[in-house]
Amino acid sequence: MGVASAWKLAAAGLDVIVLEKSVPGAEASSAAAGILGAHAEAEGPGPMADLLLAGLRRYPAWARALRRATGMDVGFRCSGVLQLGLTRNESKRAVAEASWMIQHGRRVRKLDGSKARRLEPALGDVQGGVLFPDDGRVDPRLFFRAVHIAAGKAGVRFESGAYVRRILTSGSGVQGVAVEGGVVYEASSVVLAAGSWSSLVLGTPLEKNSVVPARGQMIELDAGAPLLKHVVIGPRCYLVPRDDGRTLVGSTVEFVGYRREVTARAVRDLLDAAIEMVPALGDATLGATWSNFRPYTSDELPILGRTSVKGLLLATGHHRNGILLAPITAEITCALARGKRPPVDVTPFEISRFDSEAKRAGSRRIR
(Lines give C-alpha, C1' and ligand atoms only; values in the text may rest on other atoms or scores of the structure.)
Protein backbone atom coordinates (compact mmCIF):
# COMPACT_ATOMS: atom_id res chain seq x y z
CA MET A 1 0.00 0.00 0.00
CA GLY A 2 2.72 2.43 1.01
CA VAL A 3 5.05 1.96 -1.94
CA ALA A 4 2.26 1.82 -4.51
CA SER A 5 0.82 5.04 -3.08
CA ALA A 6 4.28 6.60 -3.01
CA TRP A 7 4.78 5.81 -6.70
CA LYS A 8 1.51 7.48 -7.68
CA LEU A 9 2.15 10.49 -5.43
CA ALA A 10 5.65 11.03 -6.81
CA ALA A 11 4.43 10.60 -10.39
CA ALA A 12 1.92 13.39 -9.63
CA GLY A 13 4.79 15.68 -8.66
CA LEU A 14 4.83 15.40 -4.86
CA ASP A 15 7.96 15.02 -2.74
CA VAL A 16 7.65 11.58 -1.12
CA ILE A 17 9.66 9.63 1.43
CA VAL A 18 8.81 6.08 2.56
CA LEU A 19 9.74 5.16 6.13
CA GLU A 20 10.00 1.39 6.65
CA LYS A 21 10.84 -0.47 9.86
CA SER A 22 12.82 -3.16 8.00
CA VAL A 23 13.00 -3.17 4.21
CA PRO A 24 10.10 -2.37 1.88
CA GLY A 25 8.06 -5.42 0.95
CA ALA A 26 9.43 -7.65 3.71
CA GLU A 27 6.05 -8.33 5.29
CA ALA A 28 2.69 -9.31 3.78
CA SER A 29 3.52 -7.92 0.33
CA SER A 30 6.13 -10.59 -0.38
CA ALA A 31 4.28 -13.39 1.42
CA ALA A 32 0.97 -13.22 -0.44
CA ALA A 33 -0.15 -15.73 -3.05
CA GLY A 34 -1.31 -13.09 -5.53
CA ILE A 35 -4.92 -14.16 -6.18
CA LEU A 36 -6.83 -11.41 -7.97
CA GLY A 37 -10.18 -12.79 -6.90
CA ALA A 38 -12.51 -9.83 -7.18
CA HIS A 39 -15.42 -12.20 -7.81
CA ALA A 40 -14.22 -15.14 -5.73
CA GLU A 41 -13.73 -12.92 -2.65
CA ALA A 42 -16.94 -10.90 -2.95
CA GLU A 43 -19.54 -12.12 -0.47
CA GLY A 44 -22.44 -10.08 -1.80
CA PRO A 45 -23.30 -6.83 -3.57
CA GLY A 46 -22.15 -3.63 -1.93
CA PRO A 47 -19.20 -1.29 -1.44
CA MET A 48 -16.63 -4.04 -0.82
CA ALA A 49 -17.59 -5.95 -3.96
CA ASP A 50 -17.36 -2.70 -5.93
CA LEU A 51 -13.93 -1.93 -4.45
CA LEU A 52 -12.63 -5.41 -5.29
CA LEU A 53 -13.82 -5.04 -8.87
CA ALA A 54 -12.25 -1.59 -9.12
CA GLY A 55 -8.96 -3.12 -8.00
CA LEU A 56 -9.13 -5.88 -10.60
CA ARG A 57 -10.00 -3.48 -13.40
CA ARG A 58 -6.82 -1.51 -12.80
CA TYR A 59 -4.41 -4.43 -13.11
CA PRO A 60 -4.01 -4.51 -16.91
CA ALA A 61 -3.08 -0.82 -17.02
CA TRP A 62 -0.80 -1.13 -14.00
CA ALA A 63 0.99 -4.15 -15.47
CA ARG A 64 1.58 -2.24 -18.71
CA ALA A 65 2.74 0.89 -16.87
CA LEU A 66 5.17 -1.12 -14.73
CA ARG A 67 6.58 -2.85 -17.80
CA ARG A 68 7.15 0.55 -19.42
CA ALA A 69 8.76 1.94 -16.28
CA THR A 70 10.92 -1.07 -15.39
CA GLY A 71 10.87 -3.58 -18.25
CA MET A 72 9.50 -6.20 -15.84
CA ASP A 73 6.71 -8.72 -16.34
CA VAL A 74 4.90 -8.79 -12.99
CA GLY A 75 3.18 -12.10 -13.71
CA PHE A 76 -0.27 -10.63 -14.22
CA ARG A 77 -2.42 -13.30 -15.85
CA CYS A 78 -6.18 -13.19 -16.46
CA SER A 79 -6.23 -16.89 -15.74
CA GLY A 80 -9.68 -17.21 -14.22
CA VAL A 81 -10.43 -18.66 -10.80
CA LEU A 82 -12.17 -21.97 -10.13
CA GLN A 83 -14.05 -22.34 -6.85
CA LEU A 84 -14.81 -26.02 -6.40
CA GLY A 85 -16.23 -28.54 -3.99
CA LEU A 86 -15.12 -32.09 -3.28
CA THR A 87 -18.62 -33.12 -2.21
CA ARG A 88 -22.02 -32.35 -3.66
CA ASN A 89 -22.86 -30.09 -0.74
CA GLU A 90 -19.61 -28.14 -1.15
CA SER A 91 -20.25 -27.81 -4.86
CA LYS A 92 -23.82 -26.59 -4.28
CA ARG A 93 -22.55 -24.10 -1.69
CA ALA A 94 -20.05 -22.63 -4.18
CA VAL A 95 -22.81 -22.19 -6.75
CA ALA A 96 -25.21 -20.71 -4.20
CA GLU A 97 -22.65 -18.20 -2.95
CA ALA A 98 -22.10 -16.97 -6.52
CA SER A 99 -25.79 -16.78 -7.47
CA TRP A 100 -26.06 -13.07 -6.64
CA MET A 101 -23.36 -12.29 -9.21
CA ILE A 102 -25.38 -13.94 -11.96
CA GLN A 103 -28.35 -11.79 -10.94
CA HIS A 104 -26.15 -8.68 -11.14
CA GLY A 105 -24.76 -9.52 -14.57
CA ARG A 106 -21.32 -10.68 -13.46
CA ARG A 107 -19.66 -13.38 -15.56
CA VAL A 108 -19.92 -16.67 -13.66
CA ARG A 109 -20.03 -20.16 -15.13
CA LYS A 110 -21.49 -23.14 -13.27
CA LEU A 111 -19.54 -26.38 -13.58
CA ASP A 112 -20.11 -30.02 -12.78
CA GLY A 113 -17.16 -32.27 -12.01
CA SER A 114 -16.53 -33.39 -15.59
CA LYS A 115 -16.58 -29.81 -16.92
CA ALA A 116 -14.16 -28.73 -14.20
CA ARG A 117 -11.77 -31.56 -15.15
CA ARG A 118 -11.98 -30.61 -18.81
CA LEU A 119 -10.73 -27.18 -17.82
CA GLU A 120 -8.12 -28.64 -15.45
CA PRO A 121 -7.33 -32.31 -16.22
CA ALA A 122 -5.08 -32.60 -13.14
CA LEU A 123 -8.01 -32.12 -10.76
CA GLY A 124 -9.04 -35.03 -8.56
CA ASP A 125 -12.56 -36.15 -7.74
CA VAL A 126 -14.19 -32.72 -7.53
CA GLN A 127 -17.97 -32.53 -7.79
CA GLY A 128 -18.20 -29.11 -9.41
CA GLY A 129 -18.50 -25.44 -8.57
CA VAL A 130 -18.06 -22.21 -10.49
CA LEU A 131 -15.61 -20.49 -12.80
CA PHE A 132 -14.92 -16.77 -12.45
CA PRO A 133 -13.35 -16.14 -15.87
CA ASP A 134 -12.42 -12.50 -15.23
CA ASP A 135 -10.42 -13.13 -12.05
CA GLY A 136 -6.70 -13.79 -12.24
CA ARG A 137 -3.35 -13.81 -10.53
CA VAL A 138 -0.12 -11.87 -10.21
CA ASP A 139 3.29 -12.67 -8.75
CA PRO A 140 3.37 -10.44 -5.64
CA ARG A 141 7.15 -10.41 -5.33
CA LEU A 142 7.62 -9.35 -8.94
CA PHE A 143 4.77 -6.86 -8.64
CA PHE A 144 6.22 -5.29 -5.52
CA ARG A 145 9.75 -5.19 -6.93
CA ALA A 146 8.52 -3.45 -10.06
CA VAL A 147 6.50 -0.92 -8.04
CA HIS A 148 9.53 -0.31 -5.81
CA ILE A 149 11.80 0.30 -8.80
CA ALA A 150 9.21 2.50 -10.52
CA ALA A 151 8.75 4.54 -7.35
CA GLY A 152 12.49 5.07 -7.04
CA LYS A 153 12.71 6.22 -10.65
CA ALA A 154 9.85 8.65 -9.97
CA GLY A 155 11.87 10.23 -7.15
CA VAL A 156 10.60 8.44 -4.03
CA ARG A 157 13.19 8.26 -1.25
CA PHE A 158 13.31 5.17 0.95
CA GLU A 159 14.49 5.01 4.55
CA SER A 160 14.84 1.44 5.81
CA GLY A 161 15.12 0.78 9.52
CA ALA A 162 12.96 3.82 10.31
CA TYR A 163 10.46 2.46 12.83
CA VAL A 164 7.69 5.08 13.03
CA ARG A 165 6.53 5.45 16.62
CA ARG A 166 4.24 8.47 16.53
CA ILE A 167 2.36 10.75 14.17
CA LEU A 168 3.13 14.32 15.20
CA THR A 169 0.30 16.84 15.18
CA SER A 170 -0.30 20.47 15.99
CA GLY A 171 -3.85 21.55 16.65
CA SER A 172 -5.98 19.43 14.34
CA GLY A 173 -3.34 18.91 11.65
CA VAL A 174 -0.39 16.63 11.03
CA GLN A 175 3.19 17.94 11.34
CA GLY A 176 5.18 14.82 10.56
CA VAL A 177 6.35 11.61 12.22
CA ALA A 178 8.82 10.60 14.90
CA VAL A 179 10.77 7.38 14.44
CA GLU A 180 12.54 5.21 16.96
CA GLY A 181 15.69 6.96 18.15
CA GLY A 182 14.08 10.38 18.22
CA VAL A 183 14.52 11.40 14.57
CA VAL A 184 11.67 13.58 13.30
CA TYR A 185 10.50 13.85 9.70
CA GLU A 186 8.40 16.92 8.98
CA ALA A 187 5.51 16.59 6.56
CA SER A 188 2.21 18.30 5.84
CA SER A 189 0.69 14.99 4.69
CA VAL A 190 1.25 11.50 6.10
CA VAL A 191 -0.06 8.18 4.77
CA LEU A 192 -0.19 5.44 7.40
CA ALA A 193 0.17 2.13 5.55
CA ALA A 194 1.81 -0.01 8.21
CA GLY A 195 -0.30 -3.12 7.68
CA SER A 196 -0.66 -5.29 10.78
CA TRP A 197 1.42 -2.80 12.78
CA SER A 198 -0.80 0.23 12.02
CA SER A 199 -2.53 0.23 15.41
CA LEU A 200 0.84 0.33 17.17
CA VAL A 201 1.67 3.77 15.79
CA LEU A 202 0.81 6.46 18.35
CA GLY A 203 -0.94 9.73 17.59
CA THR A 204 -3.56 8.34 15.20
CA PRO A 205 -7.33 7.89 15.59
CA LEU A 206 -6.86 4.11 15.34
CA GLU A 207 -7.87 2.22 18.47
CA LYS A 208 -5.39 -0.32 19.84
CA ASN A 209 -7.04 -3.32 18.16
CA SER A 210 -8.46 -1.62 15.09
CA VAL A 211 -6.01 -3.64 12.98
CA VAL A 212 -4.62 -6.95 14.25
CA PRO A 213 -2.35 -9.55 12.66
CA ALA A 214 -3.98 -12.64 11.14
CA ARG A 215 -1.21 -15.14 10.46
CA GLY A 216 -1.26 -17.05 7.20
CA GLN A 217 0.99 -20.02 6.45
CA MET A 218 1.96 -21.00 2.91
CA ILE A 219 3.88 -23.76 1.17
CA GLU A 220 5.38 -24.03 -2.29
CA LEU A 221 5.42 -27.19 -4.40
CA ASP A 222 7.42 -27.67 -7.60
CA ALA A 223 6.14 -30.19 -10.14
CA GLY A 224 8.71 -29.20 -12.77
CA ALA A 225 5.99 -28.10 -15.19
CA PRO A 226 2.67 -26.33 -14.65
CA LEU A 227 -0.15 -28.62 -13.52
CA LEU A 228 -2.82 -25.91 -13.50
CA LYS A 229 -3.80 -22.92 -15.61
CA HIS A 230 -6.42 -21.48 -13.28
CA VAL A 231 -6.26 -20.50 -9.65
CA VAL A 232 -8.17 -23.22 -7.81
CA ILE A 233 -9.99 -22.54 -4.54
CA GLY A 234 -11.19 -25.58 -2.64
CA PRO A 235 -12.88 -26.04 0.73
CA ARG A 236 -9.59 -26.53 2.61
CA CYS A 237 -6.92 -24.79 0.53
CA TYR A 238 -6.26 -22.72 -2.55
CA LEU A 239 -3.74 -23.44 -5.30
CA VAL A 240 -2.01 -20.69 -7.26
CA PRO A 241 0.06 -21.80 -10.26
CA ARG A 242 3.21 -20.09 -11.45
CA ASP A 243 4.38 -20.21 -15.06
CA ASP A 244 7.56 -22.12 -14.13
CA GLY A 245 5.78 -25.15 -12.63
CA ARG A 246 5.58 -24.06 -9.02
CA THR A 247 2.26 -24.15 -7.18
CA LEU A 248 1.59 -22.07 -4.08
CA VAL A 249 -0.66 -23.69 -1.50
CA GLY A 250 -2.42 -21.66 1.15
CA SER A 251 -3.47 -20.69 3.60
CA THR A 252 -4.33 -20.52 7.27
CA VAL A 253 -6.00 -17.68 9.19
CA GLU A 254 -4.67 -17.66 12.76
CA PHE A 255 -4.88 -15.05 15.50
CA VAL A 256 -1.63 -15.73 17.35
CA GLY A 257 -0.21 -12.24 17.70
CA TYR A 258 3.06 -11.57 15.93
CA ARG A 259 4.38 -15.15 16.07
CA ARG A 260 5.95 -15.68 12.67
CA GLU A 261 6.07 -19.47 12.64
CA VAL A 262 5.42 -22.31 10.21
CA THR A 263 3.81 -25.20 12.07
CA ALA A 264 3.89 -28.91 11.29
CA ARG A 265 0.11 -29.18 11.62
CA ALA A 266 -0.56 -26.43 9.10
CA VAL A 267 1.92 -27.86 6.59
CA ARG A 268 0.35 -31.32 6.96
CA ASP A 269 -3.18 -29.99 6.53
CA LEU A 270 -2.29 -27.87 3.50
CA LEU A 271 -0.44 -30.75 1.83
CA ASP A 272 -3.32 -33.15 2.44
CA ALA A 273 -5.82 -30.66 1.02
CA ALA A 274 -3.64 -29.83 -2.01
CA ILE A 275 -3.05 -33.48 -2.93
CA GLU A 276 -6.75 -34.24 -2.54
CA MET A 277 -7.56 -31.45 -5.02
CA VAL A 278 -4.71 -32.27 -7.44
CA PRO A 279 -3.32 -35.78 -6.84
CA ALA A 280 -0.25 -35.18 -9.02
CA LEU A 281 1.00 -32.68 -6.45
CA GLY A 282 1.83 -35.70 -4.29
CA ASP A 283 4.91 -36.22 -6.50
CA ALA A 284 5.96 -32.57 -6.48
CA THR A 285 9.03 -31.36 -4.63
CA LEU A 286 8.39 -29.55 -1.37
CA GLY A 287 9.91 -26.11 -1.66
CA ALA A 288 9.76 -23.09 0.61
CA THR A 289 7.40 -22.61 3.54
CA TRP A 290 6.63 -19.27 5.14
CA SER A 291 4.18 -17.28 7.20
CA ASN A 292 3.28 -13.65 7.62
CA PHE A 293 0.50 -11.39 8.86
CA ARG A 294 -2.58 -10.08 7.12
CA PRO A 295 -3.88 -6.79 8.57
CA TYR A 296 -7.31 -7.79 9.87
CA THR A 297 -10.20 -5.56 10.93
CA SER A 298 -13.29 -6.61 12.89
CA ASP A 299 -15.63 -6.09 9.92
CA GLU A 300 -13.05 -7.40 7.41
CA LEU A 301 -13.13 -4.13 5.46
CA PRO A 302 -10.04 -2.02 4.79
CA ILE A 303 -9.53 1.31 6.52
CA LEU A 304 -9.03 4.00 3.89
CA GLY A 305 -9.17 7.72 3.47
CA ARG A 306 -9.16 10.84 5.60
CA THR A 307 -9.18 11.05 9.38
CA SER A 308 -10.04 13.65 11.99
CA VAL A 309 -6.38 14.73 11.79
CA LYS A 310 -5.96 17.03 8.80
CA GLY A 311 -3.31 15.67 6.45
CA LEU A 312 -3.35 12.13 7.87
CA LEU A 313 -4.56 9.43 5.46
CA LEU A 314 -5.03 5.74 6.23
CA ALA A 315 -4.40 2.81 3.89
CA THR A 316 -4.49 -0.33 5.99
CA GLY A 317 -6.61 -3.31 7.08
CA HIS A 318 -6.84 -5.02 3.67
CA HIS A 319 -6.74 -8.54 5.18
CA ARG A 320 -6.81 -11.12 2.33
CA ASN A 321 -7.06 -8.60 -0.50
CA GLY A 322 -3.98 -6.44 -0.18
CA ILE A 323 -2.41 -7.35 -3.52
CA LEU A 324 -5.70 -7.05 -5.38
CA LEU A 325 -6.47 -3.67 -3.80
CA ALA A 326 -3.01 -2.12 -4.01
CA PRO A 327 -3.59 -0.23 -7.29
CA ILE A 328 -6.99 1.18 -6.37
CA THR A 329 -5.79 2.05 -2.85
CA ALA A 330 -2.83 3.93 -4.31
CA GLU A 331 -5.10 5.88 -6.64
CA ILE A 332 -7.49 6.70 -3.79
CA THR A 333 -4.62 7.87 -1.59
CA CYS A 334 -3.06 9.96 -4.34
CA ALA A 335 -6.35 11.68 -5.14
CA LEU A 336 -7.12 12.50 -1.50
CA ALA A 337 -3.59 13.76 -0.80
CA ARG A 338 -3.95 16.16 -3.73
CA GLY A 339 -7.38 17.35 -2.64
CA LYS A 340 -9.13 15.61 -5.50
CA ARG A 341 -12.14 13.33 -5.64
CA PRO A 342 -11.13 9.65 -5.27
CA PRO A 343 -11.99 7.20 -8.07
CA VAL A 344 -14.44 5.35 -5.79
CA ASP A 345 -16.52 6.39 -2.80
CA VAL A 346 -14.39 5.65 0.28
CA THR A 347 -17.02 6.64 2.85
CA PRO A 348 -17.82 2.98 3.76
CA PHE A 349 -14.13 2.38 4.47
CA GLU A 350 -13.29 5.47 6.52
CA ILE A 351 -12.28 5.07 10.14
CA SER A 352 -15.34 7.08 11.20
CA ARG A 353 -17.47 3.97 10.59
CA PHE A 354 -16.22 2.54 13.87
CA ASP A 355 -17.50 5.62 15.70
CA SER A 356 -20.89 5.07 14.08
CA GLU A 357 -20.91 1.41 15.12
CA ALA A 358 -20.07 2.37 18.71
CA LYS A 359 -22.87 4.94 18.78
CA ARG A 360 -25.36 2.43 17.44
CA ALA A 361 -24.29 -0.13 20.02
CA GLY A 362 -24.65 2.44 22.78
CA SER A 363 -28.10 3.38 21.53
CA ARG A 364 -29.16 -0.26 21.61
CA ARG A 365 -27.90 -0.61 25.19
CA ILE A 366 -29.85 2.49 26.29
CA ARG A 367 -33.08 1.13 24.82
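Trainee: Which residues are buried in α6?
Mentor: P140, F143, F144, A146, V147, A150 and A151 are buried in α6. Buried is under 20% relative accessible area, exposed over 50%, partly exposed in between (1.4 Å probe, protein chains only). Helices (H or I, at least four residues) and strands (E, at least two) are DSSP runs, numbered from the N terminus.
Trainee: Where do they sit around the axis of α6?
Mentor: They are on the same side of α6, because their arc around the axis is only 165°, taken from the axis-to-C-beta directions.
Trainee: What kind of model is this?
Mentor: This is a predicted model, where local features need pLDDT of at least 70, side-chain atom pairs need 80 or more, and totals for chains, interfaces and linings use all residues. Residues are numbered from 1 along each chain as its sequence is written, and side-chain values use heavy atoms, without hydrogens or water.
Trainee: Which exposed residues are on the face turned away?
Mentor: R145 and K153.
Trainee: What do the buried residues of α6 pack against?
Mentor: Their partners are α1 (2-11), α2 (28-31), α3 (47-70), β7 (157-160) and α8 (322-337), with contact meaning heavy atoms within 4.5 Å.
Trainee: And what follows α6?
Mentor: G155, with a positive phi near 110°.
Trainee: New topic: what is the phi of H319?
Mentor: H319 has a positive phi of about 50° and is not a glycine. H319 is in the loop between β18 (312-316) and α8. H319 counts as buried, at 8% relative accessibility.
Trainee: How about E300, where is that?
Mentor: E300 is in the loop between β16 (285-296) and β17 (303-306). Its phi is also positive, about 60°, and E300 is partly exposed at 34%.
Trainee: Which peptide bond is cis?
Mentor: The one from G250 to S251, with omega near -15°. S251 is in the loop between β15 (246-250) and α7 (264-277).
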